[in-house]
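Thanks for coming. I will go through one structure today, with the sequence and the model on the screen.

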Amino acid sequence: MKQARIIGTGSYVPEKIRTNHDIEQMTDTTAEWIVARTGIHQRRIAADSQVTSDLAANAALAALEMAGVAAQDIDQIIVATITGDYPWPATACIVQNKIGATNAYAYDVSAACSGFVYGLANAYNAIRSGAASKVLVIGAEVLSRIIDWGDRNTCILFGDGAGAVVLEAQEGDCGILSNHLHSDGSYLELLYQPGYGSCNPLSAKADPGSLPYLKMQGNEVFKVAVRSLSAVAQEALDAAGLSTSDVDLFVPHQANRRILEATAKRLGFTEEQVYINVDRFGNTSAASIPIALDEANRKGVLKDGDLVLLDAFGGGFTWGATLLRW
Ligand code: ACO
């Protein structure tokens with residue numbers, strides 16, 4: 001059976017930088033507090049003219065170029081996002097049109113910050129079953145448009161960006177080894193966007209509970225995130241009969257430096273094994289892992305045959321890990 005191997009990565013972040021000092025002017029916080037509690041120094045913010053599919057298309061084109069694959073040769077496009085261009089159609093269809101991937105079928109995955117690993121699992125299943133031979137998986141978000149920049153509990157964390165990978169069916173030992181996905185819908189109110197879905201439609205009389213902004217109980221999310229990220233990463237290692245020391249690069253969802261460090265410590269990773277860029281981009285939800293992966297790849301951190309562990313947690317709650325041989 002053929003492997004599902006990543007043969008190209010790409011990413012795109014908007015030019016505009018919003019620093020912690022900028023946020024000090026927008027809400028009751030300090031740059032020092034933000035750095036101490038999150039490790040985030042700055043995040044990128046999309047220009048007014050940019051939408052999620054623009055970021056996604058830029059990341060996708062970079063990944064296709066690295067892979068040496070023409071857009072027309074892609075069989076399937078999966079976009080992981082919670083900030084699509086429209087409620088529907090899928091942002092993946094808009095990306096398909098923008099990049100000219102005329103032979104692909106395209107759909108979105110909604111699993112919040114875990115969306116990219118959910119998308120990878122779908123790509124893996126399509127390739128292993130023989131249904132597809134080249135799949136583009138993209139994580140893309142313009143979270144700045146669902147954030148209340150006056151709410152200090154949330155606005156300090158998030159940023160905009162996109163990352164993408166091209167997977168190809170290949171013979172050999174390299175590729176995705178396993179995917180481990182979980183959800184628990186009972187935590188809805190710890191992290192969600194109250195408006196404007198069928199619960200609080202646009203037509204409803206506006207009330208503060210139905211505003212379209214992301215809502216979060218950060219300290220509660222923090223605890224479940226560390227527990228879940230650690231457990232699912234361990235589950236992936238156990239399934240392969242491997243241990244933390246076998247991993248060449250651990251790429252966790254870039255939520256908050258304290259979450260990443262607590263998770264890495266629980267699992268026993270050294271600092272050198274863990275990829276962190278949350279200081280420069282904040283939490284970009286579904287885009288965070290593919291942006292980190294692309295950075296690591298372009299810096300030459302990843303070598304053929306390296307063992308890479310991806311680990312995500314997000315709204316839903318959803319969480320998951322992907323273990324792969326680079
Ligand atoms: N600036 C200054 N003070 C603040 C701010 C702020 N931006 N936000 C909260 N505070 C205050 C609170 O009012 C509170 O004050 P009090 O002690 O007088 O009551 C105090 O700081 C501590 O508040 P906590 O909410 O307990 O602070 P905590 O250390 O938990 O940090 C944070 C908050 C950064 C949101 C943290 O809980 C967190 O990162 N949680 C994870 C959330 C997350 O990552 N969500 C993303 C989606 S899920 C994911 O991606 C994994």
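C93 is partly exposed, because its relative accessible area is 32%, and partly exposed here means between the two cut-offs, with buried under 20% relative accessible area and exposed over 50%, using a 1.4 Å probe and protein chains only. C155, by contrast in wording, counts as buried at 0% relative accessibility. How many disulfides does a search of the whole structure find? The search finds zero, where a disulfide is a pair of cysteine sulfur atoms within 2.5 Å. C155 is in no disulfide, and its nearest cysteine sulfur, that of C113, is 16 Å away.

Before going on, the ground rules. This is a predicted model, in which local features need pLDDT of at least 70 and side-chain atom pairs count only at pLDDT 80 or more, while totals for chains, interfaces and linings use all residues. Residues are numbered from 1 along each chain as its sequence is written, and side-chain values use heavy atoms, with hydrogens and water left out.

Now the overall picture. The protein has nine helices and 13 strands; these are DSSP runs numbered from the N terminus, helices being H or I with at least four residues and strands being E with at least two. Its radius of gyration is 19 Å, close to the 20 Å that the globule rule gives for 326 residues, so the protein is as compact as a globular protein of that length. That radius is taken over C-alpha atoms, and the rule is 2.2 Å times the number of residues to the power 0.38. The C-alpha trace spans about 55 × 45 × 35 Å along its principal axes.

Of the 326 residues, 56% are buried. Taking contacts between residues at least 6 apart in sequence, 76% join residues at least 24 apart, where contact means heavy atoms within 4.5 Å.

Next, two helices. Helix α4 covers residues 91-99, and its buried residues are T91, A92, I94, V95, Q96 and I99. What do these buried residues pack against? They pack against α3 (52-67), β4 (76-80), β5 (105-109) and β6 (134-142). As a reminder, an α-helix has 3.6 residues a turn, so residues three or four places apart point the same way. G100 follows α4 and has a positive phi, near 75 degrees.

Helix α9, residues 288-298, is largely enclosed by the rest of the structure, because 10 of its 11 residues are buried. The buried ones are S288, I289, P290, I291, A292, L293, D294, E295, A296 and N297. Just after α9 comes G300, with a positive phi of about 80 degrees.

A112 has a phi of about 50 degrees and sits in the loop between β5 and α5 (115-128); at 11% relative accessibility, A112 counts as buried. S285 also has a positive phi of about 50 degrees, and its place is the loop between α8 (278-281) and α9. S285 is buried, with a relative accessible area of 1%.

Then the cis peptide bonds. One joins W88 and P89, with omega about 5 degrees, and P89 lies in the loop between β4 and α4. Another runs from G316 to F317, with omega near -15 degrees; F317 is in the loop between β12 (307-314) and β13 (318-325).

G185 lies in the loop between β8 (175-183) and β9, and is exposed, with a relative accessible area of 55%.

Last, the surface. Which residues form a nonpolar patch there? Y196, L202, L211 and Y213 do, with about 400 Å² of accessible area together. Patches are made of residues with over 30% relative accessible area and no salt bridge, joining like charges within 9 Å and nonpolar side chains (Val, Leu, Ile, Met, Phe, Trp, Tyr) within 5 Å. A salt bridge is a side-chain nitrogen of Lys or Arg within 4 Å of a carboxyl oxygen of Asp or Glu. L202 is found in the loop between β9 (191-192) and β10 (215-216), and is exposed, at a relative accessible area of 67%.

Note on methods. Areas by Shrake-Rupley, 256 points an atom, 1.4 Å probe, with all protein chains shown as cover.
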